[in-house]
Amino acid sequence: MLRKIFPKTLLFRSLLIVIAPIILIQIVVGGVFFDSIWYKTNRGLVRSAANEVNTFLALYPEYKQKNKTNELINIYKDKSGLIISIKKETQQLPSTETVKWYSLYDKIVLEEFTDKIKNPYWHNVRFNSSFVQVLVLLNKNEVIEFLVPKSKIRSTSGRIFALWITVPSLIFLFISIIFLRNQIRPIVHLSQAAERFGKGQFDSDFKVSGALEIRQASYEFERMKRRILKHISQRTAMLSGISHDLKTPLTRLKLQIELLNKNQKLNSLKEEITEMEKMINEYLDFASNQYSQPLEKFDIIELIQNLIGKSFKKNIKIKSPKNLIFSGRKNLIRRCIANIINNSQKYSENILITCKKIKKTIQINIDDDGPGIADEHKEKVFRPFYRVDKSRSLKDNSVGLGLSIVEDIVNSHGGTVKLLNNPKGKGLRVSLSFPN
Ligand SMILES: Nc1ncnc2c1ncn2[C@@H]1O[C@H](COP(=O)(O)OP(=O)(O)OP(=O)(O)O)[C@@H](O)[C@H]1O
Ligand SMILES: [Mg+2]
């Protein structure tokens, strides 16, 4: 459950690790501040304003008797900033609702005023930008208006505090995103390089950068890559060397047999030698152009159609989209598909080729209705020179390298090859999938 909500990429995970404590601290600090400073301070300020109103109301009858109301009003104006006026013409309080449900400040004002002012009253916090208006009804249908300066009863530190805790953290967050992205980029480059290597792009180099551990991993990857390449090329060179050197004694043997083969008695020996020669030539041909091919982008459907049109005559159907762009070594892919069709053609009547792209994988299935390959041979047929039915293969002029070459080409493109039973019942399905 948690895994589903948790971000997938390293960048967002690291950000979450950085952001979560910041937000928690801000909530705690904000809560403490709000309760201890903003809420209590505002309450105190409003209460003292309500007390001042009360004091005025208590003094007012006496000053009125002495006809000194203006004096009292002036004292209040000078000493506490309250602007007071007696509204003789209005004898009723307005009935409009001024308390907004979402404003905590309105609630504080309402509670404190209701608690302190015993006369009927009405107040409006949004009277104008600088004053809160309070209207109090006296016994004798007299309404007194108090304009209380907002600066006196409202603490402004809340907004400043909120700004101070949010703006700097947003700035720091922005900076940490930039830094984190730079830290994560080398990891992404490393994984891309590994992916390219897996797909057989051996020549691509990448710059080692980033933190020490990532540099070390990149450096080790580069070393591993070089070792693997060296290993591959050494083995290919050795095999090619042996194959090449075998050609000379074989030619000599052939010549000697020609000389001795007067009564055609040594024909089978001659055939064996011819087959050995074919194997060697086949291998040398494969080894010579294996990795020298350039990587390119091409339409694989067009390639298959050309291949079928030129070299095969059997009943072959294709099921595919109009075009499918493939990036790889074109000649090797052509050879790989040709080898598979070649086999199917040897053993069956009808062939169906299906191509499709599923997410980032290109899948090619080659189905035939031949005898298929028994499960116990399915792995072995990929071995070089392995043939299930040797007597038949000899007639067909086959060497037993076809599927080994297919496997090699598919692997060098980072793909996989599987031999399955044809889902239609009879025959073989060769299933290739390439990341693209
Ligand atoms: N479509 C198929 N149906 C039945 N058997 C097959 C099929 N494809 C391959 N095989 C079996 O797998 C063996 C190995 O195939 P592979 O292509 O490697 O060699 P080959 O076809 O005998 O020789 P080459 O391809 O080098 O001329 C074949 O000899 C054959 O017995
Ligand atoms: Mg073959």
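1. Phenylalanine 385 sits in the loop between S9 and helix H11 (390–395); helices (H or I, at least four residues) and strands (E, at least two) are DSSP runs, numbered from the N terminus. The phi of phenylalanine 385 is near 65°, a positive value in a residue other than glycine. Most residues other than glycine have a negative phi. Phenylalanine 385 counts as exposed because 12 other C-beta atoms lie within 10 Å. By definition, a residue is buried if 20 or more other C-beta atoms lie within 10 Å of its own, exposed if 12 or fewer, and partly exposed in between, with C-beta atoms placed from the backbone.

2. On provenance, this is a predicted model, in which local features need pLDDT of at least 70, side-chain atom pairs count only at pLDDT 80 or more, and totals for chains, interfaces and linings use all residues. Residues are numbered from 1 along each chain as its sequence is written, while chains are lettered from A and ligands numbered from 1 in the order in which they are written.

3. Lysine 359 lies in the hairpin of S8 and S9, which has two residues between the strands. Lysine 359 is exposed, because it has 6 C-beta neighbours inside 10 Å.

4. The strands S6-S8-S9-S11-S10, in that order, form an open sheet of five with mixed pairing; two strands pair if DSSP finds at least two bridges between them. Strand S6 (315–319) and strand S10 (416–421) are the edges, each pairing on one side only. Direction ignored, neighbouring strands of this sheet are turned by 15° against each other on average. Axes here are lines fitted to C-alpha atoms, for helices over the stretch in contact, and angles run from 0 to 180 degrees between N-to-C directions.

5. Within the sheet, S8 and S9 run antiparallel and are joined by eight bridges. Isoleucine 353 has isoleucine 366 in S9 as its bridge partner, and lysine 356 stands opposite glutamine 363 in S9. S6 and S8, by contrast, pair in the parallel sense over five bridges, with asparagine 315 bridged to asparagine 350 in S8. H10 lies across S8, S9 and S11, running at about 20° to S9.

6. Which residues have the most contacts inside the largest nonpolar core? They are Cys336, Ile337, Ile353, Ile366, Val406 and Ile409, in a core of 30 residues. Such a core is a set of buried Ala, Val, Leu, Ile, Met, Phe, Trp, Tyr and Cys residues joined through C-beta atoms within 7 Å. Two or more residues each come from helix H9 (300–311), H10, strand S8 (350–358), strand S9 (361–368), H12 and strand S11 (428–435). H10 gives the most, with seven residues. Another core, of 20 residues, lies apart from it and includes Val46, Leu82, Val136 and Ile153.

7. Leaving aside neighbours within four places in sequence, isoleucine 337 is in contact with Ile304 and Leu307; contact requires C-beta atoms, placed from the backbone, within 7 Å.

8. Ligand 1 is surrounded by 22 residues, the closest being Asn343, Val388, Ser398, Gly402 and Leu403; a residue is near a molecule if its C-beta atom, placed from the backbone, lies within 6 Å of it. Helix H10 (330–347) and helix H12 (402–412) each supply at least two residues of this shell, and the largest share, four residues, comes from H10. The shell divides into nine nonpolar, ten polar and three charged residues. In this division Ala, Val, Leu, Ile, Met, Phe, Trp, Tyr, Cys and Pro count as nonpolar, Asp, Glu, Lys and Arg as charged, and the others, Gly among them, as polar.

How values were computed:
Two residues are in contact if their C-beta atoms, placed from the backbone, lie within 7 Å.
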